[in-house]
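Hi,

Here is the structure I promised to pass on. Have a look at it first, and my notes follow below.

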Amino acid sequence: MPRIELGSYVEEFITWLLRAIPGVLDAISAVVTAITDALTLVLTGPPFWIWIPVLAVAALLVRGVGLAVYTLLAFLLICSLDLWAETMETLAVVLVAAVIATAVGVPLGIWAARKRAASTVLRPILDFMQTTPVFVYLIPAVFFFGIGAVPGVVATTIFAIPPAVRLTELGIRGVDPEVVEAAHAFGAHPRQILREVQLPMALPSIMAGINQVIMLALSMVVVAGLAGAGGLGTTVVSAVTQLDIAAGFEGGLAVVLLAIFLDRFTAALAQRPLKGYWSKLRNREPAAAAPTPAPVA
Amino acid sequence: MSTPTTARARPESAETERVMIRCEGLTKVFGSGPAATEALELSRQGVGRSEIQKRTGVTLAVHDVSFDVRPGELFVVMGLSGSGKSTLVRLLNRLIEPSDGTIEIDGRGLGGLDDAELRELRNRRMSMVFQHFALLPHRTVRQNAEYGLQIRGVGEAERREKGEWALEQVGLAERADALPGQLSGGMQQRVGLARALASDTDVLLMDEPYSALDPLIRRDMQALLLRLQRELNKTVVFITHDLNEAMLLGDRILLLKDGRLVQVGTGPEILASPADDYVADFVADVDRTRVLTAQDVIHPPRVTARLDDRPADVLHRLGQAEATAAYVLDDDDRVLGVVHDDWLALAEATRTQEVSRDSLTDDYLTTAADRPLIDILQQVGRHPVPLAVVDDGGKLVGVVPRAAVLAALVTPGRS
């Protein structure tokens, strides 16, 4: 059996890429660094006793009392573990990666929903992205962007893109074809149909996709600690290398608490109508009108 | 509904008349590639649907259908499931591209239109009502009603005014701010209808709009459509699988079977002379009392009298007709009353020269020519004189004897 040197081809390609597009890599690096730093500054700047009430009120509006209480207790616990700054750094990386992943993934999903060929091409690529062991992403990321937050964000973003694509495609394909047909019958432009019919009707599915993006980003961001991404990842990685059970448990618990908060929060956003106080405040009057049968001529 | 006289004018005899929708040799083959081309070729040679399916594996949905729809006509396309009726209505606005044949809307061919022109035509000339309502679930009833206008780019104020008007037409103005999901099926379809009306198009395509509704609601919606049609006079193409609905609504009915046109005509025409056994079988179950009108069973009065007639002559005519009473008319043929044979015999005995007004009785009933039989069944045979059919001015145009009604209700070929 002849040995196919697949790995070294890829290595050569990566090395060539590094020489061919250094400007682009530097630009990406600069932009990602700037955004991540800015967001980290916003999240870590104000002390916890400002942020925790803000997050709790947001949870109350979006979901309700339960999540608000959870938010309060979970983040206070993180504070008492002395992991507040690390958690906020992690949150910043997760948010940046999730926003980029959504911005890339949703348009790809729309494209895949409209063109069968695009869907066929994208599917194996997405499978590849989702099943490649997460550590493997880090090698080219570090290669391209060095050590620090940027390779973490880039690797996290790539890892988190697939659910955004898949659930956007699924959502748009799932829109009642008769409604799309009706839009055609009234002379709507395909762009109008996408904007006014397909996207709004696919929104719950797209939001579920974004929820998954955030969860994947969070699971990846810890691994990105290996590349020096900072935050909880560093805490966990150093605990692992030192076999420090106490630090490992605390870091891991902080990740879990953050994950539960993000999941419940974004899942509530995905539901329509919203269950939280925001919709109760907004819809108080229309909900009161009882259905009355229309008079028949 | 139009009167039977105008409805009976056949398209062939109306070439000078304006035609709103004209279809010529409309054919649709589903699928693409050589198999579809071959199927199309076979269909041109007149090979039937099942044979084509067997030979090429391609479905021939609509096969060589031609018809005209005049402005203001409520044209019903009726067929069972799989007959190609939903495909046919979608060919009319090119939601489905025809494989062959031509369509003209108000004299303008649809074939050569590019995408932008087609959208313009769909938006301004035709609107459509769907079986499962096809409303936008995230928009209010009002926004749904305004949808066509919003696409047209109509300004906020005008849009609101027209949307409001359309919702009033269907009796839903007070639910304008509800979401479709909060309404019952019948109400949702009213929104669907309002959306079509608000666009103010000449042509209204309705694809089995009432099939998903329960029978009572359906009857309301049918009545609503008939009322709106009287007021707004749109050109409607209405798809249904329910022959009773077709007969109730349609000025004319097109019967479709396996993608082919079987018969076109008014309801009574199809009842009276079904084109083939298939149609005959079909119409056997129709409730004739709702389809046929007094016009369809009218007879010339056998005996009438005038005030200056001699009682002896009238009595003689009554005897010949084996009748016991006769309508007495004035000089304009308006019904004055009924004279009975016993009075006439008495008058003859006393040598009275004229039928006097005092002798007339009012034991008779009148009806209008467009009343369905179900309405007049109670009235025929109640009096010695047959039921009088009068026009708007009270003029006697004919009578409906009980035997004529019974004869019309008997299904031909079935006893």
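**What I found**

Chain B has 18 helices and 16 strands, where helices (H or I, at least four residues) and strands (E, at least two) are DSSP runs numbered from the N terminus. Bear in mind that this is a predicted model, with local features needing pLDDT of at least 70, side-chain atom pairs counting only at pLDDT 80 or more, and totals for chains, interfaces and linings using all residues. Residues are numbered from 1 along each chain as its sequence is written, while chains are lettered from A and ligands numbered from 1 in the order in which they are written.

The C-alpha trace of chain B spans about 90 × 55 × 40 Å along its principal axes.

Over in chain A, take a look at helix α7 (residues 134-145) and helix α8 (residues 149-173): their axes come within 9 Å and cross at roughly 135 degrees. Those axes are lines fitted to C-alpha atoms over the stretch in contact, with angles from 0 to 180 degrees between N-to-C directions. That makes α7(A) oblique to α8(A), because angles under 35 degrees count as roughly parallel, over 145 as roughly antiparallel, 65 to 115 as roughly perpendicular and the rest as oblique.

Which residues of α7(A) meet α8(A)? They are A:Val134, A:Tyr137, A:Leu138, A:Ala141, A:Val142 and A:Phe145, with contact meaning C-beta atoms, placed from the backbone, within 7 Å.

Cheers

Notes:
Contact = placed C-beta atoms within 7 Å.
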